[in-house]
Amino acid sequence: MDYSCEVPHSELLVVRAEEPYNAEPTAAALVEFPITPEDLIYCRNHGPVLEFDEAFTIRVDCTQGSRTFSLKELQGGFPRAEVVAALQCAGNRRKEMDAVKKVHGVLWNDGVICNCRWAGVRLRDVLQSMGVDSEALSGWHACFASHVTLCQDDEYYGGSIPLSRATSMEDDVLLAYEMNGQPLSPDHGYPLRVVVPGVLGARWVKWVDTISLSPDESPNFYQQRDYKVLPEEVDTKEKAAPLWSKMPSLTTLPLNSVVGSVTRKGNSAILVKGYAIGCGDVQVAKVDVSTDDGVTWRDARITYQEGKWSWTLWEALLENVPDSGVVYSRATDTRGGIQAREGKWNMRGVAYNPWGWGKW
């Protein structure tokens, strides 16, 4: 693939791969900001990152016909909608899983997550303007595609979500053109990307240029042969080959918490900061921390939450701790679900969510 026109990237990220460009911030930097600054937002790519102009268009194909929209037509023809939502790569914490047993994929640490204020138009509004009746298309899917840049494993990048989610007011699915009050940058999908709150980042297609409705999920590689949790006994690509079509595509990611930083405060105290994220629209209710391997737990203080789709930031000042040790974090959600001590290993290294941990 040709990377000669690659755009410049943030210098504050830890580069995990050069071509295609994949990079993440440290969790210590992330947890200092409720809304993630542009320069600390991770970059996940499967091909070159290019810069497009306002001539960019998106084609929407549905049972009633097809229509092409320019960015200006979307901005001027539909109400502006805004949502605060966390965006998380399915491979977050993959490096930890790889330490248990080798996995396939970019060895991400715990920084492939961000929390942003997204703005654009509701996909629901666009589809309804074309006469789409989601009830008449029960069980169908909204398929997203980007053909404008090359891709590693397929002729284009694609993904899909149930049409019922795409047309639900409560699910806040956007065709976004702004992030944190500014136009999207090329790294994050300018001029247009899909925002699907509560769903893994693989479905938030950047540079989206085509939307189609189908009775089936997207046939794209990244929907059908990637981003799935395979059985633990599957540890080679050869073993995986016959199972991809039998396993469900990932939609939401599990309840998780991460220790971002541990700072010494005086001779016998530490300040622990971290983030947590619920599964889908089920928010985090509390975070506990432990310095005795989970024998006892102390409440952390939640310092930030904003709506049902945001991440949770938390901190805990722990006194009378030894000179060194390990602190663990454990999240509980509003339905009573509790983050387990161990995550489940899978070959692609996705959806890993054991207790968070940090050393001092």
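1. A quick word on terms before anything else: a residue is called buried if its relative accessible area is under 20%, and exposed if that area is over 50%. Trp207 comes out as buried on that basis, because its relative accessible area is 6%. Keep in mind throughout that this is a predicted model.

2. You'll find Trp207 in the loop between β11 and β12. Asp172 is another case, with phi near 55° and again not a glycine. That one belongs to the loop between α5 (163-166) and β9, and Asp172 is buried too, with a relative accessible area of 12%. As background, most residues other than glycine have a negative phi, which is reason enough to check both spots by eye.

3. Next, the cis peptides. One joins Glu19 and Pro20, with omega at about 0°, and Pro20 sits in the loop between β1 (14-17) and β2 (22-24). Another runs from Tyr190 to Pro191, with omega near 10°; Pro191 is in the loop between β10 (182-183) and β11. For context, most peptide bonds are trans.

4. On to the core. The largest nonpolar core has 68 residues, and the members that touch the most others are Trp118, Phe144, Leu175 and Leu192. Strand β9 (residues 174-179) is the top contributor, giving 5 residues. Apart from this core lies another one of 16 residues, with Val272, Ala276, Val287 and Val289 among them. The general background is that nonpolar side chains tend to be buried together in soluble globular proteins.

5. Setting aside neighbours within four places in sequence, its contacts include Phe56, Ile58, Leu71 and Leu74.

6. Which residues make the edge-to-face pair with 70° between the planes? They are Trp118 and Trp204, at 5.5 Å centre to centre, and the structure as a whole has 8 aromatic pairs. Trp118 is in strand β6 (residues 113-122) and Trp204 in the loop between β11 (193-195) and β12 (210-214), so the pair ties together parts 86 residues apart in sequence. Both tryptophans are buried. Elsewhere, ring pairs link Tyr157, Phe221 and Tyr222 into a cluster.

7. There are also arginines over rings. Arg330 lies over the face of Trp297, 4.1 Å from the ring centre. In the case of Arg341, the charged end sits over the ring of Tyr328, at 5.4 Å from the centre.

8. What about the cysteines, and how many disulfides are there? The count is 0. A disulfide would need two sulfur atoms within 2.5 Å. For Cys43, the closest cysteine sulfur is in Cys114, at 9.7 Å, which is too far for a bond. Cys89 also has Cys114 as the residue with the closest cysteine sulfur, here at 11 Å, again too far. Cys43 is buried at a relative accessible area of 1%, and Cys89 is buried at 5%.

9. Strand β3 (residues 57-62) pairs with β4 (residues 65-70) in the antiparallel sense over 6 bridges, and a hairpin of 2 residues joins them. Arg59 stands opposite Thr68 in β4. Then there is an open, antiparallel sheet of 4 strands in the order β16-β15-β19-β20. Its edges are β16 (298-299) and β20 (356-359), each with a single partner strand, so one side of each has no neighbour in the sheet. Strand β15 (residues 284-290) pairs with β16 over 2 bridges, and Val289 has Arg298 in β16 as its bridge partner. Val289 also belongs to the 16-residue core.

10. Last, Met97 in helix α3 (residues 94-100). This methionine is buried, with a relative accessible area of 0%. Leaving out neighbours within four places in sequence, Met97 has contacts that include Val103, Lys344, Trp345 and Tyr352. Along the chain Met97 and Trp118 are 21 residues apart, and their C-alpha atoms are separated by 31 Å.

Terms used. Residues are numbered from 1 along each chain as its sequence is written. This is a predicted model: local features need pLDDT of at least 70, side-chain atom pairs count only at pLDDT 80 or more; totals for chains, interfaces and linings use all residues. Side-chain values use heavy atoms; hydrogens and water are left out. Buried means under 20% relative accessible area, exposed over 50%, partly exposed in between (1.4 Å probe, protein chains only). Rings of Phe, Tyr and Trp (its six-membered ring) pair if their centres lie within 6.5 Å; planes under 30 degrees apart count as stacked, over 60 as edge-to-face and the rest as tilted. A charge sits over a ring if NZ of Lys or CZ of Arg is within 6 Å of the ring centre and within 35 degrees of the ring normal. A nonpolar core is a set of buried Ala, Val, Leu, Ile, Met, Phe, Trp, Tyr and Cys residues joined through side-chain atoms within 4.5 Å. Contact means heavy atoms within 4.5 Å. Two strands pair if DSSP finds at least two bridges between them.
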